Amino acid sequence: MNLNSIKVEYNACDDKDDNGASSSSGGVHKVCMPPHRTTFQKLQQRLSEIFFPDNPLHRFKNQTGLRKFVLGLQFFFPIFEWGPKYNLSLLRSDIISGITIASLSIPQGISYAKLANLPPIIGLYSSFVPPLIYSLLGSSRHLAVGPVSIASLVMGTMLSQVVQYSKEPTLYLQLAFTSTLFAGLLQAAMGFFRLGFIIDFLSKATLLGFMAGAAVIVSLQQLKGLLGIVHFTNKMQIIPVLTSVFTHKDEWSWQTVLMGVCFLIFLLTTRQISARNPKLFWISAAAPLVSVILSTVIAYSIKSHTHAIQTIGHLPKGINPPSVNMLHFGGPHLALALKVGIITGILALTEGIAVGRTFAAMQNYQVDGNKEMIALGLMNMVGSCSSCFVTTGSFSRSAVSYNAGGKTVVSNIVMAATVLITLLFLMPLFHFTPNLILAAIIITAVIGLIDYQAAFRLWKVDKLDCVACLSSFFGVLFISVPIGLAIAVGISVFKILLHVTRPNTNVLGYIPSTRSFQSISRYSTAVRIPSFLIIAVEAPFYFANSTYLQERTFRWIREEEERVKANNEPAIKCVIIDMTAVTAIDTSGIDTICELRRLLEKRSLKLVLANPVGNVMEKLFNSNSLEAFGLDGLYLTVSEAVDDISSSWKPEKPEKPEP
């Protein structure tokens, strides 16, 4: 590289700018200040970026009052947007899709209610009212709403640790409905105040381990139904569950085991067929209902010969009874209901939004995350007053809806209508449905949550993510569901703090035939510039990492001095910090940079800053820190800094040989 190469003069800033930025007189670009803004304007812009990154009000600009009213209705009630365009062709597709997912949601609803230790009828109630509410407020076209395994598992686990349904059924129902109300309030509040970024702390790695651990625990818990065990532990850790299974071997029923294993194999086989050939999705979708019908017929046929097979028993007919009077806002268990509501609400919200966005991306349309939060929240709030427990968008049912050709949320209405018919007329048919088939359906549903291939990918890509995944998995297995989730979230937060407090720094070198400076550890062709040490900082300069960055800089300097001394190269004269990736700075960071400059001056080293971004430049200027750097202490690029500074150095005179 020619260090005295020709420089292009570029007067991008006004010449009257004497804020300490490098002057254009030397033929280099000026580093400009950002446009002046008041404190209120800065705060407004920052809050807008935090809470309104999608600018939801842009559609209201330059519209008449009537048009704004119509747009407002469409914004809060998406049905007014797609409703006028609805036609018979869409209705035909949605009817087929709705009936198909109803055949899956009815047995799953009963099964997931059992998973939450609730009466089976609550699962059907939860598959009727919430889908109707979501069809009015939801923005996803393919999200199929109803009970889901994870939220049901967490609710059943946390509530059963304190209150047993078999001993205190009324109190248990009160806490379940109250938890659902708190979950809905949390979801709606997060959507209204646009706090969706909070759920981002549940990383994919965290959820992957959590769901896998929960799937193992749920599957083991279903051994009670598959083996016909009457007395079974209420604990959700793997050791007590397995201990209970083998302690009560005398309660095993060979008739239950035989029928349960046969139906489990049938369900798993149909799942594999549909997974390998998506066009045959209807096989796995219809399999649970077919299994319920067949197992019920078999149980009814042999009831006169054996009573070893346990059945659901009586289920009341009729639509959802009101449950407002059962909401529990006092007493010693209020904190438990609040805790269960928060955890299940966040988990349900995470799953629902993730599923909705997945299918929206496949069909090239957008889902408003905050509107979805409000829709799911109001859905659960209404559900808590109509004998429903926590519901959200189900991945399995949404996939069935998508594959069945569902086009809009009318498929949820059709599904709810089918459930309504079941509630009014078909409930006596479930009297002899064996518990073993519910256990088999649950195992088939949750076993798909164990994604070991994704865990292997995590290990290859990000070891810390894999640690978070495994911590969540083993925490759920050996400690408890909420504590396992808390451990995983803690590791995820630790990962964020680690990246903030210990950011990457690299020494840069010049790549010949370009004007680019890149990491010398990454590019073997990168060449060090004699007498310069160029350091890139890849994180904001905050109080949390300012001390580390100062210490790391002096270490880079020490290592470079040792290297040049060993190779008999020119000594370091200038240290350049490339601030391209320094997106923000606070007062501690500014003080650290000033202190670094003073310490380097004592060692006869010059400190130069290259390419500070706008808000960093503004804070440096407002703190009067730029005055200490002088006119040649700030440059637009590393290349210009090297060229300009090296051209100002006087060539060293060669030493005269001794006579």
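Predicted model: local features only at pLDDT ≥ 70, side-chain atom pairs only at ≥ 80, totals over all residues.
Local features were considered at pLDDT of at least 70 and side-chain atom pairs only at pLDDT 80 or more, while totals for chains, interfaces and linings use all residues. Residues are numbered from 1 along each chain as its sequence is written, and side-chain values use heavy atoms, with hydrogens and water left out.

Strand E5 spans residues 532-537, where strands (E, at least two residues) and helices (H or I, at least four) are DSSP runs numbered from the N terminus. Six of its six residues are buried, that is, under 20% relative accessible area with a 1.4 Å probe and protein chains only, against over 50% for exposed and in between for partly exposed. Side chains in a regular strand alternate between the two faces of the sheet. In E5, Phe532, Ile534 and Ala536 point one way, and Leu533, Ile535 and Val537 point the other way.

Pairing of two strands requires at least two DSSP bridges between them. E5 pairs with strand E3 (residues 505-510) in the antiparallel sense over three bridges, with Ala536 as the bridge partner of Asn506. With strand E6 (residues 574-578), E5 pairs in the parallel sense over five bridges, and Ile535 is there partnered by Ile577. Together with helix H22 (residues 546-566), E5 and E6 make a right-handed β-α-β unit, the path from the first strand over the helix to the second running clockwise when the strands point away from the viewer.

Thr256 is found in helix H12 (residues 254-276) and counts as buried because its relative accessibility is 3%. Leaving aside neighbours within four places in sequence, Thr256 has contacts (heavy atoms within 4.5 Å) with residues including Gly225, Ala308 and Leu436.
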